[in-house]
Amino acid sequence: MQGRNTVGVGIIGSGLRGVSCLAAAMAATWEETRFEVRCLMDRNEERLQEAQRHLKSVCAKHGAPQPDVRLTTDAQSLIDDPRVQMILVTTPTYAHREPAEAALASGKKVYLDKPIAADLEDAAAIVDAEKRAGHPLIMGFTRRYEEPWRRAFHLLETGVIGDLHMLQLRAVIFYHVYFHNWFRRREWSGGALNDKSAHHCDVLNWFAQSACRRVAAFGGQRVYKPDPNAPVRCAECDRDCPYRANPRTFDSHPKGQPDSWGHETEELYRGDNCVYLPGSDSLDHVTAILEYENGVKASLFWSVFGPPAPDEETLELVGSKGRLILYRRTGTLDLVTDYGKRKETIDCRTEDFQTSHFGADRSLIRDMRRFYEGGEPPVRATDGYESLRMVRAMQESVANDGALVSLADSHL
Ligand SMILES: NC(=O)c1ccc[n+]([C@@H]2O[C@H](COP(=O)([O-])OP(=O)(O)OC[C@H]3O[C@@H](n4cnc5c(N)ncnc54)[C@H](O)[C@@H]3O)[C@@H](O)[C@H]2O)c1
């Protein structure tokens, strides 16, 4: 867009989300959004070099300018960098709090990826830092930026399905990555349920337009079960296994060559821990029922095993005179209105649908620019905090044989 100022960006945690998704989406939308990545921070120096090369290749691909990118292992020096006005925090979830607090304290605009944190103490500290800063941060709950979800919410608001009474989120996602890298332990990710269903809890809250009152859940670890005879990592194993790790690497890395993820030796940082390697305390499936303050009832049906399929993630809304089903992978809505007299399928795919997260990342960057100019963020830290409380309540219910957990309990 002509006349827009260029905004300098710094990324804290230069891994797949920060660089492969968001920096790439900035390059792809450069003409409109004018975000320019000027500083990258990571704990791993080899990762920083790879991230810089990757950034250069995506900027070249999209015809975006290629400024000098400063590399640093010191988050505070990125935050203090006068060339940086917008700070992205895309560290692993256990490492969100420190950079988010410091970035908010600087008075600069801040993006924080979901889930807000791995534990409630860190989440509460981020919410407090947001309050102290006097302005919100913008969070990365991807579905809030995806066209079909926005369209579904708009349709709900227009009243075409009447009053909302029931909500169902079904997510059967072939996502063994959760048992390969730092997602595999709750202390690092809050559990796979936190990483994936923080999105789902946020969606349920968004559509219910109310606070969750109580939760009951069953779940466990059924497929990715610890095995004392498991190899340590896929690179050392030649078994024919459906759960071999896909190489965790930037797209521009030469195929077949070990990269910064391949060179990691600690369980926390390796990208190809065997899914059966003992140590993971992450649930791999959960079914939960939820009740909202306004009487809306919801359910979540979630697993990270099962085959990839076009209906791998669906949202169903049941209202007093109609119902709507959203199919994430096809970008369509199935709408029934007027007590069943009218039925239609709405194709919500945008021209970005084939890009990362079904186009959500580019849409997020456009919203980030509006946020940078002073607009309201579509989703903020308090929403992240609420979704983490629900994840925690589900985990507690699972640990207590499906006991009903009230969100009014003080420890949540
Ligand atoms: N919104 C979405 O849809 C979405 C998608 C993917 C990931 N995420 C979130 O983004 C975050 C990052 O995930 P990812 O997949 O990019 O992980 P990743 O492991 O690919 O990248 C994280 C990077 O942070 C670095 N790092 C680790 N500890 C650090 C520290 N203390 N300080 C600075 N850097 C540190 C690592 O070396 C790594 O390069 C997570 O919170 C994840 O849940 C969100």
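These questions and answers walk through a predicted model, from its domains down to its strands and helices.

Me: What area do domain 1 and domain 2 bury between them?
Reply: The size of an interface is often given as the accessible area lost when the parts come together. Here 69% of that area is on carbon and sulfur atoms. On the domain 1 side, Leu120, Phe141 and Thr142 lose the most, together 30% of what that side buries. The total for domain 1 and domain 2 is about 2100 Å².

Me: Which strands are the edge strands of the open sheet of 6 strands?
Reply: The order is E3-E2-E1-E4-E5-E6, with parallel pairing. An edge strand pairs on one side only. That picks out E3 (70–72) and E6 (138–139).

Me: Which residue stands opposite Gly10 in E2?
Reply: E1 (residues 7–12) and E2 (residues 35–41) run parallel, joined by 6 bridges. Across from Gly10, E2 places Cys39.

Me: What angle does the direction of helix H1 make with that of E2?
Reply: H1 (residues 16–28) packs on this sheet. It touches E1, E2, E4 (86–89) and E5 (109–112). The direction of H1 and that of E2 make an angle of about 160°.

Me: Which residue in E13 stands opposite Leu326?
Reply: Strand E12 (residues 323–327) pairs antiparallel with E11 (residues 313–319) over 5 bridges. There, Leu326 faces Leu315. E12 also runs antiparallel to E13 (residues 332–337), again with 5 bridges. In E13, the residue opposite Leu326 is Leu333.

Me: Which residue takes a positive phi in the hairpin of E12 and E13?
Reply: The hairpin from E11 to E12 uses 3 residues. The one between E12 and E13 has 4 residues between the strands. In this second hairpin, the residue with a phi near 70° is Gly331.

Me: How many Å apart are the axes of H10 and H12?
Reply: H10 (residues 192–208) passes H12 (residues 381–399) in a right-handed crossing. The contact residues, including Leu193 in H10 and Met394 in H12, divide into 7 nonpolar, 5 polar and 3 charged. The helices pack at about 115°, and the distance between their axes is 8 Å.

Conventions:
Residues are numbered from 1 along each chain as its sequence is written. This is a predicted model: local features need pLDDT of at least 70, side-chain atom pairs count only at pLDDT 80 or more; totals for chains, interfaces and linings use all residues. Side-chain values use heavy atoms; hydrogens and water are left out. Two strands pair if DSSP finds at least two bridges between them. Helices (H or I, at least four residues) and strands (E, at least two) are DSSP runs, numbered from the N terminus. Axes are lines fitted to C-alpha atoms, for helices over the stretch in contact, and angles run from 0 to 180 degrees between N-to-C directions. A crossing is left-handed if the near helix is turned anticlockwise from the far one by less than a right angle, and right-handed if clockwise. Contact means heavy atoms within 4.5 Å. Ala, Val, Leu, Ile, Met, Phe, Trp, Tyr, Cys and Pro count as nonpolar, Asp, Glu, Lys and Arg as charged, and the others, Gly among them, as polar. Buried area is the accessible area (1.4 Å probe) that two parts lose on being put together, summed over both.
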